[in-house]
Amino acid sequence: MVGTVLGIATVLIPNDFFARDVPPVWWNYPVWIATSAMTGLLIATYISPQRPAGRGPARTARNATDAPTNAARLSVDRKERRTGRSAVAGGMLAWFAVGCPVCNKIALLALGYTGALTWFAPLQPILAVGALIFSLAAVVWRLRGQVACPIPAPREVANV
């Protein structure tokens, strides 16, 4: 989904909704695909499997010793904020990196048409590297400490 939105908005996927004045360069496609894949992987880590009724351990009320400490909760919150900020930075940098330099309204207003081509376009590869670094960092921070897939193993079928 991330790849589709980014590809359509930056016209890496040809469409009738948006136009691009400057054609894409060769490195736009690998950056678009890599950033989209890492962002998709990151989003997938937030999805938890649904348990059908009657399966899995019964939920019981927690007592005071089961509750996480405030320090542990703050550490998790800090990690989630860092991961989220890094993911957003990676996505925004990818958007600016693979988009048309003169279709970017911010660059166009700040630098004008010629300035966007002269100053902003040469910075786009640097933005692309930054997007890849931030996206990779978000995935690594999110997956740090994971030792197993949270999806339950399939049920064994009894031989009849």
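## How the helices pack

Helix α2 (residues 28-44) and helix α4 (residues 105-143) have axes that come within 9 Å and cross at roughly 20°. Here, an axis is a line fitted to C-alpha atoms, for helices over the stretch in contact, and angles run from 0 to 180 degrees between N-to-C directions. You're looking at a predicted model, where local features need pLDDT of at least 70 and side-chain atom pairs count only at pLDDT 80 or more, while totals for chains, interfaces and linings use all residues. Residues are numbered from 1 along each chain as its sequence is written, and side-chain values use heavy atoms, leaving out hydrogens and water.

**The overall picture**

- The chain's secondary structure comes to four helices and zero strands; helices (H or I, at least four residues) and strands (E, at least two) are DSSP runs, numbered from the N terminus.
- Follow the sequence along and you get the pattern α-α-α-α.
- Of the 160 residues in the chain, 26% are buried, where buried means under 20% relative accessible area, exposed over 50%, and partly exposed in between (1.4 Å probe, protein chains only).
- Take the contacts in the chain with a separation of 6 or more: residues 24 or more positions apart account for 72% of them. Contact means heavy atoms within 4.5 Å.

**Where α2 meets α4**

- Back to the opening pair: with their crossing angle of roughly 20°, α2 and α4 are roughly parallel to each other. The rule is that angles under 35 degrees count as roughly parallel, over 145 as roughly antiparallel, 65 to 115 as roughly perpendicular and the rest as oblique.
- This α2 and α4 crossing is left-handed, a label used if the near helix is turned anticlockwise from the far one by less than a right angle, with right-handed used if clockwise.
- On the α2 side, the residues that meet α4 are V31, A34, T35, M38, T39, L41 and L42, and their α4 partners are A128, A131, L132, S135, L136, A138, V139, R142 and L143.
- Sort the residues of this α2 and α4 contact and you find 12 nonpolar, three polar and one charged. Ala, Val, Leu, Ile, Met, Phe, Trp, Tyr, Cys and Pro count as nonpolar, Asp, Glu, Lys and Arg as charged, and the others, Gly among them, as polar.
- T35 sits in helix α2 and is buried, with a relative accessible area of 2%.
- Setting aside neighbours within four places in sequence, T35 is in contact with G90, A94, A131, L132 and S135.
- L143, placed in helix α4, counts as partly exposed at 35% relative accessibility.
- Not counting residues up to four places away in sequence, L143 touches L41 and T45.
- L143 and L41 are 102 residues apart in sequence, yet 10.0 Å apart in space, C-alpha to C-alpha.

**Two residues from α3**

- T83 is found in helix α3 (residues 70-98), and this threonine is buried, with a relative accessible area of 1%.
- Leave aside neighbours within four places in sequence, and T83 is in contact with L42, Y46, A138, W141 and R142.
- E80 lies in helix α3 too, and E80 is partly exposed, with a relative accessible area of 27%.
- Beyond residues up to four places away in sequence, E80 touches Y46 and R142.
- There are 58 residues in sequence between E80 and A138, but their C-alpha atoms are 9.4 Å apart in space.

**The α1 end of the story**

- The axes of α1 and α2 come within 8 Å and cross at roughly 145°, and α1 passes α2 in a right-handed crossing.
- V2, G3, L6 and G7 in α1 meet W32, S36, T39 and I43 in α2. The residues of this α1 and α2 contact divide into four nonpolar, four polar and no charged.
- V11 belongs to the loop between α1 (2-9) and α2, and V11 counts as buried at 17% relative accessibility.
- Although V11 is not a glycine, V11 has a positive phi of about 60°.

**A look at the cysteines**

- A disulfide is a covalent bond between the sulfur atoms of two cysteines.
- How many disulfides are there in this model? The count comes to zero, using the rule that a disulfide is a pair of cysteine sulfur atoms within 2.5 Å.
- C100 counts as buried at 6% relative accessibility, whereas C103 is partly exposed, with a relative accessible area of 27%.
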